[in-house]
Amino acid sequence: MERINEEVETETGTIEKYRRHANGRGLVSGGARVDPSAFISGTAYVESGAKVGAEAWIGPGSWIDHNALVGARAFIGQNVHVGVDAVIGAAARLGSHSRIGDGARVQSGAVVDRDIRIPQGGIVTAAAHAQARPTGTRHPLDTEAPTRLRRAA
């Protein structure tokens, strides 16, 4: 029989307590709020202060960091990291292996392809589509400064 509560030791040696979410069996910190209709894969983590909306889907190996917000019906692929205080809007889609920086914003309905890095404080609008590109080419999201993507006029 699988345990409902788990204890994990952090890098600093403190013990974090997690519970298994009923829908998917992912690990959810006691200080996080996850809607019962959301799916949290068994190998995904949701940290304290984070909020996951109704019918959101969090894939295997993904990590929703402290105080992050994942909107209703958002899709988070496999092995995605959503940084501290990041906001993923309703119905946004994040491809597998993406990294969303601390404080970044992915607006409702926006699409981020797999293997994309959104920098700290970056913004992806619904009109933009963060895409993979050939190796060696520069992309507007390859900066450390906050980035705003908008549809060209």
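## Ring pairs

Rings of Phe, Tyr and Trp (for Trp, its six-membered ring) are taken as a pair if their centres lie within 6.5 Å, with planes under 30 degrees apart counted as stacked, over 60 as edge-to-face and the rest as tilted. In this predicted model, where residues are numbered from 1 along each chain as its sequence is written, local features need pLDDT of at least 70 and side-chain atom pairs count only at pLDDT 80 or more, while totals for chains, interfaces and linings use all residues. Side-chain values use heavy atoms, with hydrogens and water left out.

The structure holds 3 aromatic pairs. In one of them the ring centres of F39 and W57 are 5.3 Å apart and the planes lie at 20°, so the pair is stacked. F39 belongs to strand β5 (residues 39–40) and W57 to strand β8 (residues 57–58), so this pair ties together parts that are 18 residues apart in sequence; strands here are DSSP runs (E, at least two residues), numbered from the N terminus.

As for accessibility (buried under 20% relative accessible area, exposed over 50%, partly exposed in between, with a 1.4 Å probe and protein chains only), F39 counts as partly exposed at 24%, W57 as partly exposed at 32%, and F75 as partly exposed at 25%. The charged end of R93 sits over the ring of F75, 4.5 Å from its centre, where the criterion is NZ of Lys or CZ of Arg within 6 Å of the ring centre and within 35 degrees of the ring normal.

## Surroundings of H81

H81, in strand β12 (residues 81–82), is buried, with a relative accessible area of 17%. Leaving aside residues up to four places away in sequence, H81 touches W63, D65, S98, R99 and I100, contact meaning heavy atoms within 4.5 Å.

## Confidence

The mean pLDDT of the chain (the predictor's confidence in each residue, from 0 to 100) is 84, and 80% of its residues reach 70 or more. Over residues 133–153, however, the pLDDT is below 50, although this stretch has 35 contacts in the model beyond near neighbours in sequence.

Methods: Helix = DSSP H or I, 4+ residues; strand = E, 2+ residues; numbered from the N terminus.
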